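Thanks for coming. I will go through the two ligand sites, one after the other.

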Amino acid sequence: TRTSRPQRILKAVQTKATVGDPQSVITAIDHFCRHREWAMNVGDEKGSILDSVVNEVSPVTVLELGTYCGYSTVRIARLLPPGACVITLEFNPDYAAIARQVIKWSGLEDKVQLVEGASGDWIPWMKEHFGVQAFDLVFLDHWKERYLPDTKLLEECGLIQKGTVLLADNVICPGTPDYLEYVRNSPHYNSQYYRSHLEYTKAEDGLEKSVFLGY
Ligand SMILES: CNc1ncnc2c1ncn2[C@@H]1O[C@H](/C=C/CNC(=O)c2cc(-c3ccc(F)cc3)cc(O)c2O)[C@H](F)[C@H]1O
Ligand SMILES: [Mg+2]
């Protein structure tokens with residue numbers, strides 16, 4: 001049977017990127033998705049904004065919701081200093097398997113903890129299972145209707161503390177209206193919108209950065 005799009009993305013990485021060179025992995029995926037087949041990676045334009053937020057926060061513990069093929073996982077992990085790590089949740093086993101190989105090809109497996117499972121099931125176990133006190137940065141890029149419930153769950157589990165930064169992809173396209181309304185109107189968050197474009201297209205999209213101010 002036909003290969004899947006994630007399998008074709010992995011093949012592009014394995015034929016075009018250099019083992020141990022994260023930037024070449026990012027470039028290979030962007031080239032494939034711009035010139036061969038569109039895919040829902042955060043992409044190069046929004047990816048540069050993600051990079052600037054990671055550099056600004058210089059996080060020790062990062063949570064990523066929705067790994068897909070691991071493109072943004074590699075973007076984040078390549079900027080982390082020794083000792084810092086990104087925990088990334090992916091509940092589709094086929095995507096998780098591809099992402100593990102993309103992350104391995106980039107040479108960043110020591111900075112990544114890929115957890116195969118659903119955010120709603122795993123968030124309550126983060127403290128106990130991974131010894132996480134609170135996340136410095138959360139990158140939301142999973143099912144759009146889960147951004148708000150999972151943010152509330154992170155708050156309830158004490159995983160969002162004063163200074164934690166939430167960075168959400170796709171707040172315009174496909175859109176996350178209930179999440180936007182929440183973070184923009186809550187007195188506990190300071191929110192700002194980074195206008196950009198939907199990956200590999202001219203359509204508008206953007207990232208919302210929300211800093212938790214404490215209770
Ligand atoms: C619900 N809890 C989950 N836990 C763990 N993994 C999860 C969970 N939920 C999903 N996953 C996992 O996270 C990923 C899901 C990403 C969804 N992303 C998008 O839909 C998305 C869509 C577009 C898009 C825009 C315009 C258009 F015309 C068509 C598409 C652009 C984007 O940048 C996106 O991120 C993965 F697939 C799923 O298994
Ligand atoms: Mg996205």
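Ligand 1 is surrounded by 22 residues, counting any residue with a heavy atom within 4 Å of it. The closest are E90, S119, K144, N170 and E199. This is a predicted model, where local features need pLDDT of at least 70 and side-chain atom pairs count only at pLDDT 80 or more, while totals for chains, interfaces and linings use all residues. Residues are numbered from 1 along each chain as written, chains are lettered from A and ligands numbered from 1 in written order, and side-chain values use heavy atoms, without hydrogens and water.

Now the contacts. E90 places a polar side-chain atom 2.5 Å from an oxygen atom of ligand 1. For K144, a polar side-chain atom lies 2.9 Å from a ligand 1 oxygen atom, and for S119 the distance is 2.9 Å, to a nitrogen atom. Alone, ligand 1 exposes 780 Å², and the protein buries 81% of that; these areas are Shrake-Rupley values with a 1.4 Å probe.

By class, the shell has ten nonpolar, six polar and six charged residues, with Asp, Glu, Lys and Arg as charged, Ala, Val, Leu, Ile, Met, Phe, Trp, Tyr, Cys and Pro as nonpolar, and the others, Gly among them, as polar.

Next, the metal. Which residues coordinate the magnesium ion, ligand 2? They are D141 (OD), D169 (OD) and N170 (OD1), at 2.0 to 2.2 Å. Donors here are N, O and S atoms within 2.8 Å of the metal (3.2 Å for Na, K and Ca); water is not among the atoms, so sites may look incomplete. Along the chain, the spacing is D-x27-D-N.

Notes
A polar contact is a pair of N or O atoms within 3.5 Å; within protein, one must be able to donate a hydrogen and the other to accept it, and residues adjacent in sequence count only if both atoms are side-chain atoms.
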